[in-house]
Amino acid sequence: DRDHSTSSTTSSSLKMEDDGPCPFLSEQEQEQRVKDEQDTSMEDDGEGEGEEDGEAGSPTQGGRRRRVSTSSSRELRNLLSDVKPNKPWSHSRIPEQIELCESLEKALAELKGFGEHSEPFLHRVRKSEAPDYYLVIKEPMDLGSMTKKLRKLQYLSKAEFTRDFHLMLQNCRSYNTDPQSVYRDHANKLERKSRLVLSRIPPLDLSHPRPSLFSLPSPSSPSDP
């Protein structure tokens, strides 16, 4: 009977501990017990989420997934950087045209990248900056307009390209008549820079149609008997 009573008391105590606050613990101990149970429950939930979604609940799974994602993004950027932009002259059947356009594109890139000296010539002059500009300059030209002409395949020779470039500089000097003008100084330095740049352009001229290599001679008119 004593053993049975002791066993009943023990099981009753365990049941009280599982189902509710234990009367043998102080209030502070009971609060700590509840807090520990809540922390254990949150850890279990976090592990479940980590196994399912590979997120923060599982450092190994989540960390690995993030690293793979970062690596994939880097590889995608590298692939995109390797893709060359489609150039209008890429599919030309005339090798000389491809050579000319490629050299003109490189020349424009060098001229545009000449720092503060090329900056005033990158775009058309705005009327808000110089209201009377187009009253003085009848044929405006700038590096941006030259780029558009190149992409439209309007340059058929080095001479045409060079003409537009010198026209741009001449327009600058015609409008800025003061010898001390900062814009004239930019034009002079850009012109000195262009001497080396323009010398690299091959002297090709596609303005005259070339005879076809496979063209046959025109038939001669039949002679009179």
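Modeller: Let us begin with a crossing: α6 passes α7 in a right-handed crossing. This is a predicted model, in which local features need pLDDT of at least 70 and side-chain atom pairs count only at pLDDT 80 or more, while totals for chains, interfaces and linings use all residues. Residues are numbered from 1 along each chain as its sequence is written, and side-chain values use heavy atoms, with hydrogens and water left out.

Biologist: What makes a crossing right-handed?

Modeller: A crossing is right-handed if the near helix is turned clockwise from the far one by less than a right angle, and left-handed if anticlockwise. The helices themselves are DSSP runs (H or I, at least four residues), numbered from the N terminus.

Biologist: Why are α6 and α7 called roughly antiparallel?

Modeller: Helix α6 (residues 143-151) and α7 pack at an angle of about 165 degrees, their axes being 10 Å apart. Axes are lines fitted to C-alpha atoms, for helices over the stretch in contact, and angles run from 0 to 180 degrees between N-to-C directions. Angles over 145 degrees count as roughly antiparallel, under 35 as roughly parallel, 65 to 115 as roughly perpendicular and the rest as oblique. The pair α6 and α7 is therefore roughly antiparallel.

Biologist: Which residues of α6 and α7 meet?

Modeller: L143, M146 and K149 in α6 meet F161, D164, F165 and M168 in α7, where contact means heavy atoms within 4.5 Å. The residues of this contact of α6 with α7 comprise five nonpolar, no polar and two charged. Here Ala, Val, Leu, Ile, Met, Phe, Trp, Tyr, Cys and Pro count as nonpolar, Asp, Glu, Lys and Arg as charged, and the others, Gly among them, as polar.

Biologist: Why are α4 and α7 described as roughly parallel?

Modeller: Helix α4 (residues 95-112) and helix α7 (residues 158-175) pack at about 20 degrees, with axes 11 Å apart. The two are therefore roughly parallel to each other. In this pair, α4 passes α7 in a right-handed crossing. From α4, L100, L104, A107, L108 and L111 meet K158, F161 and F165 in α7. That contact of α4 with α7 has seven nonpolar, no polar and one charged residue.

Biologist: What makes α4 and α8 roughly antiparallel?

Modeller: The axes of α4 and helix α8 (residues 182-199) cross at roughly 150 degrees and come within 10 Å. The helices α4 and α8 are therefore roughly antiparallel, and their crossing is right-handed. A107, E110 and L111 in α4 meet L190, K193, S194 and V197 in α8. The contact of α4 with α8 divides into four nonpolar, one polar and two charged residues.
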